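Please look through the sequence and the structure shown here before reading on, and keep both in view as you follow the text.

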Amino acid sequence: MALATLLLQACNSKSKPATEPNGIAIEEDSIYFVNDSTIADAQTFIFEGTSPMDGNAIADVILAVQTVNLNSDGTYTITTDYVDEGIATQSDKGDAMILLGVNDSTATILQLVSNNYNTPTVSFIMMEDSSLVKVDNNGTPVASNPDHKLSLIK
């Protein structure tokens, strides 16, 4: 109860307190919650499907993007299973960045920038059904097979 009283204690100062990133404001010896609607919880969006990879390989892919919404930057983890190539399952993580399309300014491109220096950047275009299709540096899909996409499952 004492902690709740401390957190809700009114501040006597007329200056606006600094807001910490977690929504708690601290000023001198008073602490209280700030009702800030711009602070949102990050969500995890899961995509699954098949996608062309380097060379002729097609891989089963699970991509998890953690962000506030699908149109904002965040982080990602990706698991790639090259079943046809006999290569073991690989995982990677890094930053997920949202860009406008190169050839189409209305296109939404999800660019995955790995934390691993040796891993190339991978880009996907977001389709109207929220599925992702792998694209090259010009924003052109790298496969013509409509089944090679990652579908939003969660």
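This is a predicted model: local features need pLDDT of at least 70, side-chain atom pairs count only at pLDDT 80 or more; totals for chains, interfaces and linings use all residues.

Rolling a probe the size of a water molecule over the atoms shows where empty space is left. In this model, the largest pocket holds about 610 Å³ of space, and of the 26 residues that line the pocket, Thr-119, Pro-120, Thr-121, Val-122 and Lys-134 are the closest to its centre. The elements that each give two or more residues to this lining are strand S6 (74–81), strand S7 (90–100), strand S8 (108–114), strand S9 (122–126) and strand S10 (132–135). Among these contributors, S7 gives the most, with 5 residues. If you sort the lining of the largest pocket by class, you will find 13 nonpolar, 9 polar and 4 charged residues.

A search of the whole structure also finds 1 cavity of 30 Å³ or more, and the largest cavity has a volume of about 30 Å³. Its lining is made up of Val-65, Thr-67, Asn-69, Leu-70, Ser-72, Ile-98, Leu-110 and Met-126, and by class these comprise 5 nonpolar and 3 polar residues, with no charged residues.

Strand S7 also contains Asp-92, a residue that deserves a separate look.

Notes:
Residues are numbered from 1 along each chain as its sequence is written. Side-chain values use heavy atoms; hydrogens and water are left out. On a 1 Å grid over the protein atoms alone, a cavity is a set of points where a 1.4 Å probe fits but cannot get out, and a pocket is an open set with protein on both sides within 12 Å along at least five of seven lines; lining residues have an atom within 4 Å of a point. Grid points are joined across faces, edges and corners, and a volume is the space filled by probe spheres set on the points. Helices (H or I, at least four residues) and strands (E, at least two) are DSSP runs, numbered from the N terminus. Ala, Val, Leu, Ile, Met, Phe, Trp, Tyr, Cys and Pro count as nonpolar, Asp, Glu, Lys and Arg as charged, and the others, Gly among them, as polar.
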